[in-house]
Amino acid sequence: MTAAVQQFDQTTLWTVIIGLAVGSFALRFVFIGLVGSRTMPGWLMRHLRYTAVAILPALVTPLVIWPTATGGQPDGPRMAAAAMTLIVGLITKNVIAAILAGAGTLYALLYLVG
Amino acid sequence: MASTTPKSYFWKGIRDSAPFILVAGPFGMLFGVLAAEAGLKLVETMTFTVTVFAGAAQFTALQLMQENAPTLIVLVSALAVNLRVAMYSASMTPYLGAAPLWQRAIAAYFTVDQSYALSIVQFETDTAMTVPQRMAYFAGTNGLIAPVWCLATYVGAVMGARIPESWALDFALPIAFLAMIAPMLRTAAHLAAAITSIVVAILAAGIPFNLGLLVAGFAGMVVGARIELAMTHREATT
């Protein structure tokens with residue numbers, strides 16, 4: 001057991017779990033369950049199409065530039081690994097290949113530096 | 001093709017989804033491991049994964065909770081990550097909207113990246129499918145992958161905190177998400193949305209309560225939608 005293992009406040013944790021469970025189901029049910037066979041407004045669909053490519057990069061960017069493991073100091077091996085994952089993913093369109101390229105780059109550079 | 005039963009479509013769904021074991025297995029395991037490292041008990045991790053059933057949102061919530069973000073921000077951000085399943089739900093509605101409500105409710109719960117991606121291609125190609133056949137195919141795309149996802153989470157959660165720090169698992173999440181994003185950047189609009197999101201996320205890093213994530217995500221969505229609109233206008237005029 002390392003000191004890194006922390007325990008979340010139980011109320012917070014269960015609020016998040018239950019809230020996300022209910023919220024995620026609501027998001028999935030809203031159209032197929034409630035709208036049924038009616039059509040959706042175009043402007044809404046047009047925005048929903050970009051949620052994944054808009055929100056996931058916003059989540060990842062700070063983790064790449066200011067990694068938690070280095071106490072927020074920019075880190076060469078991690079930046080290079082992120083770049084390699086993105087490049088291989090763009091070229092191959094293959095999720096597994098991109099993950100392997102990123103992980104390989106990270107381990108190789110951490111080994112060389114460390 | 002008239003003799004094709006819903007049952008055979010179920011098995012086609014199972015077969016078509018088999019390669020996704022390679023994605024759901026490692027992702028589920030990673031969630032289990034990271035949750036255990038964050039101090040979640042086995043029962044908490046499993047309840048999380050079985051009730052929420054949305055990998056990217058689960059990872060987001062876990063990450064923000066570790067950054068001590070306020071509970072409301074954790075919920076809103078994770079649900080924002082999950083907004084795309086609302087789009088999947090909307091996009092499948094013309095094909096499954098006529099099914100009984102209880103079936104639609106179950107289908108809603110199982111609407112995830114891979115079941116949507118497989119089903120929408122199948123529905124668009126095989127236009128002669130009946131609603132029960134479509135529902136059977138959709139059930140098949142989850143019949144194998146959903147149990148694999150839960151089992152993998154369990155294995156990861158049990159292995160959990162025993163994984164040494166030298167494995168650099170802190171960076172597994174960024175790599176997994178970047179690998180997911182890259183193949184999605186198919187059009188100029190998708191690319192513009194992602195670049196906007198990155199730039200705004202950097203500029204907004206100082207905003208408290210991790211609100212920068214929502215600001216950047218919203219900016220990316222608006223830019224993506226705007227560029228798409230501009231591109232369709234240009235096509236219409238030429």
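How far apart are the end C-alpha atoms over residues 191–224 of chain B, and what percentage of the chain there is helix? In this predicted model, local features need pLDDT of at least 70 and side-chain atom pairs count only at pLDDT 80 or more, while totals for chains, interfaces and linings use all residues. Residues are numbered from 1 along each chain as its sequence is written, and chains are lettered from A and ligands numbered from 1 in the order in which they are written.

Over residues 191–224 of chain B, the end C-alpha atoms are 8 Å apart, and the chain there is 79% helix and 0% strand, where helices (H or I, at least four residues) and strands (E, at least two) are DSSP runs numbered from the N terminus. Over residues 135–155 of chain B, the end C-alpha atoms are 30 Å apart, with 95% helix and 0% strand. Both stretches are included in the feature "transmembrane region" that an unreviewed UniProt entry places on chain B; such annotations may be inferred rather than shown by experiment.

Phe10(B) belongs to helix H1 (residues 6–17) of chain B. This residue counts as partly exposed because 19 C-beta neighbours lie inside 10 Å, given that a residue is buried with 20 or more other C-beta atoms within 10 Å of its own, exposed with 12 or fewer, and partly exposed in between, C-beta atoms being placed from the backbone. Leaving aside residues up to four places away in sequence, Phe10(B) touches Ala136(B), Tyr137(B), Ala139(B), Gly140(B) and Gly143(B), contact requiring C-beta atoms within 7 Å.

The domain assignment of chain B, which comes from an automatic or database source, gives domain 1 (6–168) and domain 2 (185–238), and their C-alpha centres lie 25 Å apart. The contact between these domains takes 8 residues from domain 1 and 6 residues from domain 2. On the side of domain 1 of chain B that touches domain 2, helix H5 (residues 71–81) gives the most, with 4 residues.

Between the chains, 67 residues of chain A are in contact with 78 residues of chain B. Helix H1 (10–35) of chain A is among the helices that each supply at least two residues of the side touching chain B, and H1(A) gives the most, with 19 residues. By class, this side of chain A divides into 45 nonpolar, 17 polar and 5 charged residues, where Ala, Val, Leu, Ile, Met, Phe, Trp, Tyr, Cys and Pro count as nonpolar, Asp, Glu, Lys and Arg as charged, and the others, Gly among them, as polar.

Methods. Contact = placed C-beta atoms within 7 Å.
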